[in-house]
Structures are given as C-alpha cells and as structure tokens.
Amino acid sequence: MSAALRKTLRTLAVVLFWLLIWQLAAALVGQELLLPSPLRVARELLRLAGGAEFWLTVAQSIRRVLTGIASAVLLGILLALLTHKSALLRALLSPVMTLVKSTPVASFIILALVWLGRDVVPPVIAALMVLPVVWANVSQGLDGIDPQLLELAQVFRLPRGRVFRRITLPSVLPHLRAALCSALGLGWKAGVAAEILTVPARSIGKRIYEAKIYLETTELFAWTAAVVLLSLVIERLLLRLVGRIGKKGGAHA
Amino acid sequence: MLELKDISLRLGDKQVLRGCGLRLDDGERIALMGPSGCGKTTLLRVALSLQKPDAGEVSCSWNRIGVVFQEPRLLGWCTAEENVNLVLSDKAETLPEAARWLDRLELGEARGLYPAELSGGMQQRLSIARALALRPELLVLDEPFKAMDEALAGRVGQTVAQSLPGAALLLVTHSEEEARAFGCRILRYENGRFV
C-alpha cells in the first residue's frame, strides 16, 4: 500500500470516528432541535444542494469572501514589498497590523456595518483578517532572501526580472503559502460571520441567520457543513495555484 | 581594465587593507596570496563593488564578470542545468549550452540534480561552470579548488585555463603551484597591501 493511500485511509478513518461520536451524541440527546444526527444533516445538505438557489447563494458568498481575500493578498504583498524597502514605512505600519490582528472580528463587523453598505462588509472583514497574516509572512520571506544570492545576482549583472523570478519569488513563495494556509480559513470564517451579522441578500450568512431564527437546527448544521466543505475546497485550489506559480519560478516548496 | 587605487578598509578593530592598489588589464592574470584572514577575499569584494572601502577608488571597464566565490552560492530550487542557464538567458533555448558547460566540468550526468544532491566538490564545479558560461572578460576565482582532490583540481584548472582565451583572471589561492599553473603574476600580502 502506498504512503499516500495509507494517509488517505487514515484521514477517512479519523473522520468516520468523529462522525460516529456525533451520531452517538445525537442518539443520546434524542432531540433534532438541539443536535441533529450527521445522517440527517447530510440528507438536508443534499436536499439543499439539489436546488439552484443553494448554488446561487454559495456563489454569491464565495464571490464576496474571495474578493476580500484576493484584495488582501495583493495589498499584503504590495505593502510587504514597500515596507521591505522602507524602514520608516515598516515602523509606521507594524502597530497598525498588530492592532488589526488583536481587535475582535465582531468589533470590525459592527464598525464596518456603520461605515459601509451591508454588501461590502463581508469582503472587507475577510480582507482585514487575511491582510496582516499575508503582510507579515511575505515580509519575513523578503527579509530571509539569502544576501549571498543577491550579491551573486549583482556581480553577474542579472536582469531584475530574472532576479525576481529565480531568487525573490522562490524565497517568498513558501512564506506566502504558509500565510494562505493559516489565513484562508480565517478569512472565509470571518466573511461568513460578517454575512450572519449583516445579512446581505443571497448569502450563506443570511441562510444561517434565518435557520437560527426559525430554529431549523438541521438546516443550520447543513449550511455550516457547506461552509466547512467550501473552505477545504477553496484552500486546496488556492494552494495548488500558489504551488503552480512556485514551479514556474523554480521553487519546490 | 580593473583598477583599485589606495584602497583602505577597516573591519571592526582590524585595519584589513591599507592603501592597497591593483591594476588588471585585458588578458592579464594575477594571483593574490597571503595567510588566511589577511584580506584577500575582502579585496575581491571591494573589486567587485560588494564592499565599499573607507578610502580609495575602484574602476572597472568590463561588463561580463564571472565569479566563483569560496562558497558555491547555488540556487537550491534549481537544477544544475538551470543554475548555469541563470547567467545565460534563463530560457529553454540556452539549456543545451548550459549542458555543454556541465559536460566540460565533468557534471554531465548531474544536469537534472539539485545542489543538495551534489557533493561539495560537485557544487564548486557547478559554480565554476556557471562563471565560465558567462564567457567572462574577467574571471574572479576565490579558492575555487579547495573542495576537490588534486587530480580533479588539475583537470578542472586545465578546463578553466582553456576556456579563458583573452580573459583577465584574478585568483585567490594558498597554492603557488596553482597560481603558476594559471600563469599568474603573484601578489603577496604585506602590511595591508598586496605587493
């Protein structure tokens, strides 16, 4: 049996174990209103996924949150490049990033709701969660570029584009990858949380909010399961994309 | 032409270079010799504009300068072939030329390997192949053969010498024999200068 297959089987076994615990707990509680069983939740999720409205809702939420995440990744990289060049800018920006990281997400959501339109809040909140992580990690990557390789590029008079592609990018990509690993889930969860509090039209957050209001616990669980599954899929896709860019630059990380 | 005039440099408490001068013309070969830590590599760094001197002037008219540092300075994420191709065009069309340089340095079979998969001596030969592939007007070698056995160092030295028609050479070495094999004029360290 290959190592990859063994790893997949082990992961499946762990998931099955916890689903079994959930099933047992649901059977013990015996009230669907408090804790629906995983089978009921899966059936509800399949029922929801059978309708076009589910996919339109999911697509809108993904659009909102991914807009925020993509903006934060681009802005984080840009700011990291700027603060790598300017110590003054870094000194100015560092406390702001620390403040953003330390502030409770609910405070940001409420403030953003006061200042911005409800449809804009989820992407802004997702961006705020991702930005400090991307900035910090990319900055670390830029700081960690081997100075001996930069000297090599200098004496061989390598063109800037080649230095970026062959030295800068491969040095930074592992850090960007690590940032995406930790920030994507965070951004996605914060974006959906913002949707729950701002209830924009056609959003997963609104459906979760409505499920809570009408005590539709099974539907609440089904939408939550959808959020978890989407988070996993988006994370995998984006990390694969970063990996592909890395291969083009010659990085194996 | 490379010219260093009255170079002085203090590193920490130590006055490493004191009014040091050097001139290297087209095709000329010079070897710098002296005890470890006397400032040979520091002078190379000043000549390559990697280290700013406290006083003095550096002027260089050459554009293509190939350098073999004491440490190989390879891109760990690129294969041997890609490391050489870095100084060519970094495009697929110059990969065969990179491969030819690897063949000359007896690294033909290692072209698809990453630096971490090579021995110390192979890594150093790879960095020599990279410097030669540039077809330099000036080749700077900082103790390039120290990770190689005598026989291999001899063969590599011969390849380097044959690949340098008309190029100037600035060599740092502890071996007078090595310096003579390259036909170098020897400058020895004396009180912060090479004379």
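Colleague: In chain B, where is confidence lowest and where is it highest?

Modeller: The mean pLDDT, the predictor's confidence in each residue from 0 to 100, is lowest in strand β9 (residues 193–194) of chain B, at 79, and highest in helix α2 (residues 80–85) of chain B, at 96. This is a predicted model, in which local features need pLDDT of at least 70, side-chain atom pairs count only at pLDDT 80 or more, and totals for chains, interfaces and linings use all residues. Residues are numbered from 1 along each chain as its sequence is written, while chains are lettered from A and ligands numbered from 1 in the order in which they are written.

Colleague: What scores describe chain B and the model?

Modeller: Chain B averages a pLDDT of 92, and 100% of its residues score at least 70. The model has ipTM 0.92 and pTM 0.79.

Colleague: What makes up the secondary structure of chain A?

Modeller: Helices are DSSP runs of H or I with at least four residues, and strands are runs of E with at least two. Chain A has ten helices and zero strands, so its pattern along the sequence reads α-α-α-α-α-α-α-α-α-α.

Colleague: Why are residues of chain A called buried, and what percentage are they?

Modeller: A residue is buried because 20 or more other C-beta atoms, placed from the backbone, lie within 10 Å of its own. In chain A, 31% of the 253 residues are buried.

Colleague: How many residues of chain B are in contact with chain A?

Modeller: Two residues are in contact if their C-beta atoms, placed from the backbone, lie within 7 Å. By that criterion, 14 residues of chain B are in contact with 14 residues of chain A.

Methods
Buried ≥ 20, exposed ≤ 12 C-beta atoms within 10 Å, placed from the backbone.
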